[in-house]
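Hi,

Here is the structure I promised to pass on.

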Amino acid sequence: NLAGLDLRAEIDRLRTERNAVILAHYYQKPEIQDLADFVGDSLDLSRKAQATDADVIAFCGVRFMAETAKILSPQKTVVLPDMDAGCSLEDSCPPEQFAAFRAQHPDAIALTYINCSTAVKALSDVIVTSSSAEAILAKIPPEQKIIFGPDRNLGGYLARKTGRDLILWPGVCIVHEAFSETELLKLKAEHPGAPVVAHPECPAVILDHADYVGSTRGILEYAMAMPGDTLIVATEPHIIHQMEKALPTKRFIGAPGADGNCNCNICPYMALNTMEKLYLALRDLTPRIEIEEGLRLEAKKSLDAMMSMAG
Ligand code: 13P
Ligand code: SF4
């Protein structure tokens, strides 16, 4: 029974006792973002996980992110507060089907979004994040055929932006798919001139209305330098916490789903992590990420390729 415990104080005590670092994604609850040692996008979190000298990484994000930390830092104990914190993109790409897809395109390399399982990383050549995809793609010779998965929205965006012909896996993020173009246009009409920022996991009908498209970090950087006093944000709305903290006089509005509000765009997987579960994870060092060594080494190759090509 955790009632009556000062969870923040207990987490701080355990963080020191365990020599732990707490890494959090921008889609985590505000109280978790606020206590984390580092908050970032997928690429920054991977780099932090690789560079830290802590003994324990408490990863407040989703499972593929914690697995990436373990792949890059196998000697560390990596805990994820809730092992059910998955990702719809990962679920949309079972490794056996991905292997069959690769086999259909024997002359293509697999450039794969980090939002996938360790097994799919092991089947891939180069991993990308939304903040590194364009730079990495620019380093691949134009004549090289490329399979891109699992996110067809990010893949479609990259193909349109760079003019490259990518062979797309048909996966989507349920959160970014839920934005409604009709409701977004209504919101834009209510706030004339307010810029729209969007994550590239959104479908093209949403991205077409965006003034800026980028990773969570890119979106935050845009907000910090934004013109005007109102911004419409088409990504998971917990990121707005960082914007409101840094710019308390400005107005940030989450883009709506079909029901006209932005609550349907909360990532249900990210939301599984709570202060209680983080406390228990640090106390008991479980749920712990474990990856079979042969699989880890295979998956590490495509992540290492990302790290060296991301610049
Ligand atoms: P970022 O790398 O932009 O933080 O994206 C992670 C993610 O899961 C978006 O849904
Ligand atoms: Fe996966 Fe979408 Fe949640 Fe990101 S927002 S973790 S892509 S389900």
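Let's start with ligand 2. Of the 13 residues around ligand 2, the nearest are Cys87, Ser88, Cys173, Val175 and Cys267 (a residue is near a molecule if its C-beta atom, placed from the backbone, lies within 6 Å of it). Helix 5 (88-91) and helix 10 (174-177) each give at least two residues to that shell. Sorted by class, the shell has nine nonpolar, two polar and two charged residues; here Ala, Val, Leu, Ile, Met, Phe, Trp, Tyr, Cys and Pro count as nonpolar, Asp, Glu, Lys and Arg as charged, and the others, Gly among them, as polar.

A word on the ground rules: this is a predicted model, where local features need pLDDT of at least 70, side-chain atom pairs count only at pLDDT 80 or more, and totals for chains, interfaces and linings use all residues. Residues are numbered from 1 along each chain as its sequence is written, while chains are lettered from A and ligands numbered from 1 in the order in which they are written.

Next, the annotated positions. An unreviewed UniProt entry puts the feature "binding site" at ten places if you go down its list, including Ser42 and Asn115 (UniProt positions are given in the numbering used here, feature names are shortened, and annotations may be inferred rather than shown by experiment). Ser42 is found in helix 3 (residues 42-51); helices (H or I, at least four residues) and strands (E, at least two) are DSSP runs, numbered from the N terminus. Is Ser42 buried or exposed? Ser42 counts as buried because it has 26 C-beta neighbours inside 10 Å (buried takes 20 or more other C-beta atoms within 10 Å of a residue's own, exposed 12 or fewer, partly exposed in between, with C-beta atoms placed from the backbone). Leaving out residues up to four places away in sequence, Ser42 touches Met65, Ile114 and Thr129; contact means that the two C-beta atoms, placed from the backbone, lie within 7 Å.

Asn115 sits in the loop between strand 5 (108-113) and helix 7 (118-122). Asn115 is buried too, because 26 C-beta neighbours lie inside 10 Å. Again not counting residues up to four places away in sequence, Asn115 touches Phe64, Cys87, Leu89, Glu90, Pro150 and Asp151. Cys87 also turned up among the residues that come nearest to ligand 2.

One open sheet of four strands runs in the order 2-1-3-4, with parallel pairing (two strands pair if DSSP finds at least two bridges between them). Its edge strands are strand 2 (38-40) and strand 4 (77-79), each pairing on one side only. Strand 1 (residues 20-25) and strand 3 (residues 56-60) pair in the parallel sense over five bridges, with Ala20 opposite Val56 in strand 3. Helix 15 (residues 275-284) packs on this sheet and touches strand 1, strand 3 and strand 4, its direction making about 165 degrees with that of strand 3; axes are lines fitted to C-alpha atoms, for helices over the stretch in contact, and angles run from 0 to 180 degrees between N-to-C directions.

Another open sheet of four strands has the order 6-5-7-8, also with parallel pairing. Strand 6 (126-128) and strand 8 (166-168) are the edge strands, each pairing on one side only. Strand 5 pairs with strand 7 (residues 145-149) in the parallel sense over five bridges, and Leu111 stands opposite Phe148 in strand 7. Helix 9 (residues 152-162) lies across strand 5, strand 7 and strand 8, at about 165 degrees to strand 8.

Last, strand 11 (residues 230-234): four of its five residues are buried. Three bridges pair strand 11 with strand 9 (residues 196-198) in the parallel sense, and four join it to strand 12 (residues 251-254), also parallel.

Cheers
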